[in-house]
Amino acid sequence: MFDHVQIKVRDFKESRTFYEAVLKELGYGVVFEDVGVVGFGNTPHDMFEIRQADTDIPLSKSVHGAFVAKSKEAVDTFHKTALAHGAKDNGAPGLREYEEGYYAAFVIDPDGHNLEAVF
């Protein structure tokens with residue numbers, strides 16, 4: 001459905017370091033890069049981008065992104081890595097009641113975005 005989704009970040013360098021480490025645990029790498037923007041995914045046409053926010057445009061604080069994990073272990077590692085890189089816990093890894101077998105973890109990134117890894 002999406003070619004890419006982009007969120008604005010307060011500190012591009014800090015956020016890039018965070019997302020490179022966290023998304024690597026889910027098997028995603030850098031697939032696009034330009035000044036002040038970087039995209040993560042498998043190809044430049046299925047990616048999640050971060051962009052340095054302009055000073056006159058406020059950050060969105062209500063973004064929720066759910067990333068596909070290849071295993072429960074990847075969800076666990078996503079959560080652990082995110083916390084080690086400054087994220088706040090928003091739901092430890094475990095089964096959820098959304099649907100049978102839905103295993104997920106949630107964190108809040110350095111800009112307040114709610115991130116999920118789901119298997």
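What share of the contacts in the chain with a separation of 6 or more is made by residues 24 or more positions apart? Such residues account for 54% of these contacts, where contact means heavy atoms within 4.5 Å.

The model is predicted, so that local features need pLDDT of at least 70 and side-chain atom pairs count only at pLDDT 80 or more, while totals for chains, interfaces and linings use all residues. Residues are numbered from 1 along each chain as its sequence is written, and side-chain values use heavy atoms, with hydrogens and water left out.

**Overall fold**

The chain holds two helices and eight strands, which follow one another along the sequence as β-α-β-β-β-β-α-β-β-β; helices (H or I, at least four residues) and strands (E, at least two) are DSSP runs numbered from the N terminus. With a radius of gyration of 14 Å, close to the 14 Å of the globule rule for 119 residues, the chain is as compact as a globular protein of that length; the radius is taken over C-alpha atoms, and the rule is 2.2 Å times the number of residues to the power 0.38.

| Property of the chain | Value |
|---|---|
| Span of the C-alpha trace along its principal axes | about 40 × 30 × 25 Å |
| Accessible surface | about 6800 Å² |
| Part of that surface belonging to carbon and sulfur atoms | 54% |
| Buried residues, of 119 residues | 41% |

Accessible areas come from the Shrake-Rupley method with a 1.4 Å probe, and for residues only the protein chains shown count as cover. Buried means under 20% relative accessible area, exposed over 50%, and partly exposed in between.

Beyond its neighbours within four places in sequence, L26 is in contact with residues including F67, F78 and A117.

**Two contrasting residues**

S15 lies in helix α1 and is buried, with a relative accessible area of 1%. Leaving aside neighbours within four places in sequence, S15 is in contact with V9, I50 and D111. M1, in the segment before β1 (4-9), is exposed, with a relative accessible area of 96%.

Notes. Buried < 20%, exposed > 50% of the residue type's maximum accessible area, 1.4 Å probe, protein only.
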